[in-house]
Amino acid sequence: MKLILFEMTPQHKANFLKLAQSGFYDGTTFHRVIQNFMIQGGDPNTKDTDTNNDGAGQPDAATIPAEIRPELLHKFGAVAAARQGDYVNPTRASSASQFYIVQNHQGTKHLDGAYTVFGQVISGLDVIDKIATQPTGPRDRPTTDVKMTVKVDKLKKKKITELYGYQY
């Protein structure tokens, strides 16, 4: 998959780039997969052998202030920050590492305005669907690890449009 990060969410963009460039995401898995909804990853706990802590995050992990924008919607391929629920997180602060990618081809409109969308998959959308079809067990965790490696390439907007057809 190839994705772009939005300038309208500068804190989320900078955080994701920092983690990706440091190799933080390499070897983490998509630990929560719900077909016709989303695929979620980015938890460092997925690197250990205890699958029971996948998705729990680190106890004192930092959060990122919400950067919810009405024009950034949960459409197919949208990349958004996971977070704790409103009842414990009324400011809707985002997880510093966990993210999800919308797999529902009609989008997940019920999440619009509630979570920070900070990117969009522009190539490899079929990979999202392939991950979403993986058999899952308890807590929607795939029964076989779906590991990721994240690489950062910096391209000008004109080049992205030329290569991938994404219009800014």
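The exercises below, each with a worked solution, concern a predicted model.

Residues are numbered from 1 along each chain as its sequence is written. Local features need pLDDT of at least 70 and side-chain atom pairs count only at pLDDT 80 or more, while totals for chains, interfaces and linings use all residues; side-chain values use heavy atoms, without hydrogens and water.

**Exercise 1. Helix α2**

Find which residues of helix α2 are buried, and what they pack against.

Solution. 
- Helices (H or I, at least four residues) and strands (E, at least two) are DSSP runs, numbered from the N terminus. Helix α2 covers residues 125–132.
- Buried means under 20% relative accessible area, exposed over 50%, and partly exposed in between (1.4 Å probe, protein chains only). In α2 the buried residues are I128, I131 and A132.
- Taking the directions from the helix axis to the C-beta atoms, these residues cover an arc of only 100 degrees, which puts them on the same side of α2.
- The general rule is that an α-helix has 3.6 residues a turn, so residues three or four places apart point the same way.
- With contact taken as heavy atoms within 4.5 Å, the buried residues of α2 pack against β2 (30–34), β3 (38–41), β7 (99–102) and β8 (117–123).

**Exercise 2. The largest pocket**

Describe the volume and lining of the largest pocket.

Solution. 
- A pocket is found on a 1 Å grid over the protein atoms alone, as an open set of points where a 1.4 Å probe fits, with protein on both sides within 12 Å along at least five of seven lines; lining residues have an atom within 4 Å of a point.
- Grid points are joined across faces, edges and corners, and the volume is the space filled by probe spheres set on the points. For the largest pocket this gives about 1,100 Å³.
- The lining has 34 residues, and L3, I4, L5, K151 and D153 are the closest to the centre.
- At least two lining residues each come from β1 (2–5), α1 (10–22), β7, α2 and α3 (157–164). The largest share, 5 residues, is that of α1.
- Ala, Val, Leu, Ile, Met, Phe, Trp, Tyr, Cys and Pro count as nonpolar, Asp, Glu, Lys and Arg as charged, and the others, Gly among them, as polar. The lining then has 23 nonpolar, 2 polar and 9 charged residues.

**Exercise 3. The second largest pocket**

Solution. 
- Of the 29 residues that line the second largest pocket, A82, R83, Q84, S95 and Q98 lie nearest its centre.
- Two or more lining residues come from β3 and from β6 (94–95).

**Exercise 4. Aromatic pairs**

Classify the ring pairs F16–F99 and Y100–Y115.

Solution. 
- Rings of Phe, Tyr and Trp (its six-membered ring) pair if their centres lie within 6.5 Å; planes under 30 degrees apart count as stacked, over 60 as edge-to-face and the rest as tilted. The structure holds 8 aromatic pairs.
- The centres of F16 and F99 are 5.7 Å apart and the planes are at 85 degrees, so this pair is edge-to-face. F16 in helix α1 and F99 in strand β7 are 83 residues apart, and both are buried.
- For Y100 and Y115 the centres are 5.9 Å apart and the planes are at 85 degrees, so this pair is also edge-to-face. Y100 lies in strand β7 and Y115 in the loop between β7 and β8, 15 residues apart.
- Y100 counts as buried because its relative accessibility is 4%.
- Ring pairs also join F16, F24, Y25, F30, F99 and F118 into a cluster.
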